[in-house]
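These are my notebook entries on a structure I went through entry by entry. I wrote down what I looked up and how each term was defined.

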Amino acid sequence: MDRIQKLEKEINNLRKALQEKESELFEMKRNWMPVHPNNNLNQEDAAQLQQHNLKNVTKVYYGDKLPKWAIERYSRQILLPDIGVQGQEKLCAAKVLVVGAGGLGCPASVYLAGAGVGEIGIVDYDSVDLTNIHRQILHTERDQNTSKAESAADTLRSINSHIKITPYTVQLDSNNALGIASRYDVILDCSDNVPTRYLLNDVCAIAKKPLISGSALKMEGQLTVYGYRADRNHNEKDLSHQGPCYRCVFPNPPPAEAVGSCSANGVAGPVPGVIGALQALEAIKLIVGQTHEKLLVGRLLIFDGEDVTFRTVKLRPRNSQCAACSESPTITRLVDYEAFCKAQAKEKDLDLQILSPEYRITASQLEEQLKKLILEVDSNQKERHLLVDVRSEAEFNMCRIDGAVNYPIDQFRGDKVDEILRMVNDKNQVTFVCRRGNDSQIAAKMVIDLIDEEHKGNVKDLVGGLHAWSDSVDRDFPIY
Amino acid sequence: MAASVKLHLQFGGGAELLFDKIKKREIELPALKKYFPDCQHDKWNIRDLLVWIKDNLLRERPELFLQGDSVRPGILVLINDADWELYGELDYELQDNDTIMFISTLHGG
């Protein structure tokens, strides 16, 4: 054990030393970057930069600003007529904010960093969990429990030391969002919840920035560009063209119970990979000045990994009465988006209190009752204790308490409820379980509301669900 | 009397979960007056279609699909791959072989 602890300590120190050396190298290399017109450098620094750059440019003049290393490094994309030297200069001067360092944000920022986008900000309040890694490709096993934004920034720096990466380990909200977003030219919505999507839309409407919005769940993904304004692009023929914003298309948020999440519904890793990569492509095209016909402006891409179809559908135009992006918006400052959406901006565990305490038992109590029951069965008593697991079939197949039966909450009504009612009426004890103890309360309440008064006491719900079971009864039970 | 109408119905983004997880369906609507004898108009529109869907396909939890006589917020209706707002939404008159798609918007990432 001593040896292990010693090694862990040594590795941590080495890692720290490596990080210090890397940031030293980064600072040195940064002074060799092309001069950005937008850089807030004082004159002395700028002159010094210019000097460095001049030294780094060989006799043949490659472009206005790009030094030799940049021409070489980015040559494969500079070769494209769609990008070219001018496009690369714009990329090197561009600042992109990626909101969410998850399944979308990771692949999106990898390609932006690779493409030499001058500054990338990456926002995420959360820390790396082992269940993230199958899709969140910037994080590794050793990054577990560290800040996602920091972990992503570290990997991005290792991909490109010539660009500036700024991690923001914060929950984006109405107080900080405008301050952060206003430092950037383009915003990528790689978030995982409805309130943040409305927040980002309004931020972009107020700050007049384009929003490249991606989303993914299970086997499907969606992508579009919101809030595009042609007057910021000199290549546009019609400078008055403006694409719709999120609120133009979805003025009202969906009911919270209709919104799925990766942790509840699952997601195939490559699906956000596809969408995140395409978000980066749209950002690159937008930065180099492609016009709205070529961008996903006013169009929504729908990807279905199940049968591998990509489909692009036409969205409605910008709403001239839109609350956020019209000429006379009613939203002139950010509001409370969690209240507006009646949902949390964190994909965090809800802790519902639907049932009163007498209908709830703890994991340890449940274990005791089950043990007692085994003794009773041995002594030929008729009474049974039924464990009703209301998670989805896929979750039930993944792991379950021995002897539990599966009644998925989605289909828990009608005949299914009647079956349970019959069992309770036959004097069986029924305990509902689910992953965290929320759905199980809903199911238990349905039964309690229907059952005769005398049997109500036989219906229980496991507090904290299978997570609690794993914590206090069976350490080998997987927490997912 | 107007004849029956054949449609391609498609569900996606999770909306298919309310319809036995079937993403694509071919349906044939009877003549409108046969289905709604008291109806004041002759041709099927999206409003009528939503009622037909509720009666024939949507067995459970209609509130996750419908709100009032329209679809709930967060479901995008597409008529032949274009936002239904471009075609008059509920009042659009269905044509033979139209593809009507109901896409639930995703928010995960």
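The entries below cover the ground rules, an annotated site, the cavities, the aromatic rings and the backbone.

**Ground rules.** I am working with a predicted model, in which local features need pLDDT of at least 70 and side-chain atom pairs count only at pLDDT 80 or more, while totals for chains, interfaces and linings use all residues. Residues are numbered from 1 along each chain as its sequence is written, chains are lettered from A and ligands numbered from 1 in the order in which they are written, and side-chain values use heavy atoms, with hydrogens and water left out.

**Annotated site.** I looked up the UniProt record, an unreviewed entry, which places a "binding site" at C245(A), C248(A), C322(A) and C325(A); its positions are given in the numbering used here, feature names are shortened, and annotations may be inferred rather than shown by experiment. The four span 81 residues in sequence, yet no two of their C-alpha atoms are more than 8.5 Å apart, so they gather at one spot. Of these residues, C245(A) and C325(A) are included in the lining of the second largest cavity.

I then took C248(A), which I found in helix α10 (residues 246-249) of chain A; helices (H or I, at least four residues) and strands (E, at least two) are DSSP runs, numbered from the N terminus. C248(A) is buried, at 2% relative accessible area, where buried means under 20%, exposed over 50% and partly exposed in between (1.4 Å probe, protein chains only). Leaving aside neighbours within four places in sequence, C248(A) is in contact (heavy atoms within 4.5 Å) with R316(A), P317(A), R318(A), N319(A), C322(A) and C325(A).

C325(A) sits in the loop between β8 (309-314) and α13 (337-341) of chain A and is also buried, at 8%. Not counting residues up to four places away in sequence, C325(A) touches A205(A), R229(A), C245(A), C248(A) and R318(A).

**Cavities.** I noted four cavities of 30 Å³ or more; a cavity is a set of points, on a 1 Å grid over the protein atoms alone, where a 1.4 Å probe fits but cannot get out, and lining residues have an atom within 4 Å of a point. Grid points are joined across faces, edges and corners, and a volume is the space filled by probe spheres set on the points. The largest cavity has a volume of about 130 Å³. Of its 15 lining residues, S213(A), S215(A), Q222(A), Y226(A) and Y246(A) are the closest to its centre.

**Rings.** I counted 18 aromatic pairs over all chains, taking rings of Phe, Tyr and Trp (its six-membered ring) with centres within 6.5 Å, and calling planes under 30 degrees apart stacked, over 60 edge-to-face and the rest tilted. F11(B) and F102(B) are stacked, at 5.5 Å centre to centre and 15° between the planes. This pair joins strand β1 (residues 5-12) to strand β7 (residues 98-104) of chain B, its members being 91 residues apart, and both are buried.

In chain A, ring pairs link Y198(A), Y226(A), Y246(A), F250(A) and F340(A) into a cluster. The charged end of R247(A) sits over the ring of F340(A), 4.7 Å from its centre, the rule being NZ of Lys or CZ of Arg within 6 Å of the ring centre and within 35 degrees of the ring normal.

**Backbone.** Most residues other than glycine have a negative phi. I found a positive phi, near 50°, at V308(A), which is exposed at 59%.

Key: On a 1 Å grid over the protein atoms alone, a cavity is a set of points where a 1.4 Å probe fits but cannot get out, and a pocket is an open set with protein on both sides within 12 Å along at least five of seven lines; lining residues have an atom within 4 Å of a point.
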